[in-house]
Amino acid sequence: MSASALKTPSPGSVTMFSTSWCGYCNRLKAQMGREGIAFIGGDPSRIQEVRRARGEIAAFVELHVEQGGTLERLGVDIGVVEGIVAVDRWNITVDGVANHGGATPMDQRQDAGLAAARFIDAVHRIVTSVPGRQVATVGQIQAHPGAFNIIPGRVDLSLEMRDLEEDKLERIFERISAETRELSRATGTTFSFDQFYDHEAAPTDERIRAEIAVQAERLGLSAESMPSAAGHDAQSIHRIAPIGMIFIPSVGEYVTPLLVGGSRGSLYGNIIQDFFTKAANWPFGSAMSMAMLVMTLALVAVAVRMVDLRKLIE
């Protein structure tokens, strides 16, 4: 629930626990979390001992701030998350010819900077031309040699794309690649792509989504189905257990006071109570998982924090 989730230097740093829990913690993520685990009194050398097997967890439900403005704009109380999007990332290099910016005529340049700029525009145009909720971002740009009077001979930039439909991302990237070839011919430059990150989508379980919707209606909370475009613990847990996720609105970096208790009852409390009775009939477990109990305790802290924030928001 903290603002740190909005400024994550690496995709693995905020989901260290969940990736370890499901046995998906690679060496990089383990190294990133080692210092933090030791700081709070843990033993990072025993991280593999927390691994859980498929079937040990009946369900995992995560409550999270939306990290966007959709719920606030629509005036909706909660978001019922359909799934966590797939994420593809590339490092891109545009190679041209560095030359003197004053002595080289405009029609004789192989300007990597110009090609990179047209590429960014092409990404935006192509992605927005396809119906759906997919997004793409060019978040890093570095021109070389980076002098005022030198035509860039190389530009390094990044590309990230996200959507629930992985095949759609593939089709969009094919269109981007085709346009890149045209840009190369027009500008006398070359593009190279290095895909270094490919994270699969994590759909939420339809039974959990239905239960969330039922309990929200029972409590008089309006709900909107929506994808999660950011990474979360549930994205890792889905490898070993069914997942569900609830978004609550946020204004800036503040969480709005969602009623998790009081006269209208507790959305999470109702969901968990029903899960206790239904989990025995689900094929992946005969008892409620510790994850659900941990989530209940976490909600107590969330509720307390909401009380603290209420005066700042209202």
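The model is predicted; local features need pLDDT of at least 70, side-chain atom pairs count only at pLDDT 80 or more, and totals for chains, interfaces and linings use all residues. Residues are numbered from 1 along each chain as its sequence is written, and side-chain values use heavy atoms, with hydrogens and water left out.

I then examined how β3 pairs (two strands pair if DSSP finds at least two bridges between them). Nine bridges join β3 to β9 (residues 190–199), and the two run antiparallel. To strand β8 (residues 154–163), β3 is joined by 10 bridges, also in an antiparallel arrangement. In β8, L159 stands opposite W90. I took strands as DSSP runs of E with at least two residues, and helices as runs of H or I with at least four, numbered from the N terminus.

I checked burial next (buried is under 20% relative accessible area, exposed over 50%, partly exposed in between, with a 1.4 Å probe and protein chains only). Strand β3 (residues 86–95) has seven of its 10 residues buried, so the rest of the structure largely encloses it.

I turned to helix α6 (residues 206–218). I noted I208, E211, I212, Q215 and A216 as its buried residues. Down the helix axis they fall within an arc of 130°, so they line one face of α6; the arc is that of the directions from the axis to the C-beta atoms. On the other side of α6, I found E206, E217 and R218 exposed. Just after α6, I recorded a positive phi of about 75° at G220.
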